[in-house]
Amino acid sequence: MIRALPLLLLALSMVSGLWAQTGRSGGRVENGRYISPTGLFSVSIPILPELGGQLDETQYVVTFQDAFTVHASIACFPMDATQRWENDTRGRRDYLVWFFSNFVQSDFQTRFPGARIESAKFFPTVQDGALLTYNLLPGGTMFGDRLVFQRSDTSPVAKRGNLLFVHNRHVVVLSIELAEKAIEGAAFTKTVEEEDEILSKRLMDLLRRMEFVPAEKQG
């Protein structure tokens, strides 16, 4: 499973297909909620078709994007025996740092040369321990068609927030791009701290939209 992670993480930044095409990997939409293929979680859909909302899924990742400022992904990667051992021996904080560095950040660096972690913070009371990271991704915006200034020699640096935690032997990764930073360019004058606050709030709002199903009730 781990060898497949770079390919799966690529889906964190891919959007294709309308809601009518969802379910190709077994997920489904019911009463405004997306239910994951494994039944691990459901989430209140954070976009509207009327606003250009699109939903795409793979076996482990669902991505939501609209035509304005929403690009959000939820990835749930099952932990094999090695991953569970790493979690048990390292402890939750160090395990999430290790996982992010070796799989998420390394994939970002491969796809977006110069990608770096701007800052990170661990929240021990969120989901029994959650890691929040802020990443800067040169050329990594998912809103390229919305850019105010389109120059072939200029590629904006996208900023993305990622929230990682462990739930029922899965590593869950929530990822949201700060779309305004790329779309508005120099006109976006928030401080780094204000940018972080916006992304943190949006990630926590996405987490609150989620409901996790007990293991015995999962499909």
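A nonpolar core is a set of buried Ala, Val, Leu, Ile, Met, Phe, Trp, Tyr and Cys residues joined through side-chain atoms within 4.5 Å, where buried means under 20% relative accessible area, exposed over 50%, and partly exposed in between (1.4 Å probe, protein chains only). Keep that in mind for the first stop.

You're looking at a predicted model, where local features need pLDDT of at least 70, side-chain atom pairs count only at pLDDT 80 or more, and totals for chains, interfaces and linings use all residues. Residues are numbered from 1 along each chain as its sequence is written, and side-chain values use heavy atoms, with hydrogens and water left out.

**Stop 1: the cores**

Select Phe41, Phe64, Ile74, Leu163 and Leu174: these have the most contacts inside the largest nonpolar core, a set of 30 residues. Now colour strands S3 (41-44), S5 (61-65), S6 (71-78), S8 (130-138), S9 (157-167) and S10 (170-177), plus helix H5 (192-209); each supplies at least two residues of this core. (Helices, H or I of at least four residues, and strands, E of at least two, are DSSP runs numbered from the N terminus.) H5 gives the largest share, five residues. For a separate core of 22 residues, pick out Val61, Leu96, Phe99 and Leu131, which are among its members.

Zoom in on Phe64. Not counting residues up to four places away in sequence, its contacts (heavy atoms within 4.5 Å) include Tyr34, Val43, Pro46, Leu55 and Ile74.

**Stop 2: the seven-stranded sheet**

Switch to a cartoon view and follow the order S4-S5-S6-S10-S9-S8-S7, an open sheet with antiparallel pairing. Two strands count as paired if DSSP finds at least two bridges between them. At the edges are S4 (54-57) and S7 (116-123), each pairing on one side only. From one strand to the next, the twist averages 15°.

Axes here are lines fitted to C-alpha atoms, for helices over the stretch in contact, and angles run from 0 to 180 degrees between N-to-C directions.

**Stop 3: helix H2**

Select residues 81-90. Which residues of H2 are buried? They are Gln83, Glu86 and Asn87. Looking down the axis of H2, these buried residues fall within an arc of 95°, so they line one face of the helix; the arc is that of the directions from the helix axis to the C-beta atoms. They pack against H3. Over on the other side, Ala81, Trp85 and Asp88 are exposed. Just after H2, Gly91 takes a positive phi of about 90°.

**Stop 4**

Glu195 lies in H5 and is buried, with a relative accessible area of 3%. Show Lys159, Leu178, Lys181, Phe188 and Lys190 around it: Glu195 touches them, leaving aside residues up to four places away in sequence.

Finish with the open sheet of four strands, S1-S2-S3-S11, with antiparallel pairing. S1 (28-30) and S11 (210-212) are the edge strands, each with a single partner strand, so one side of each has no neighbour in the sheet. H5 packs here as well, touching S2, S3 and S11, its direction about 45° from that of S11.
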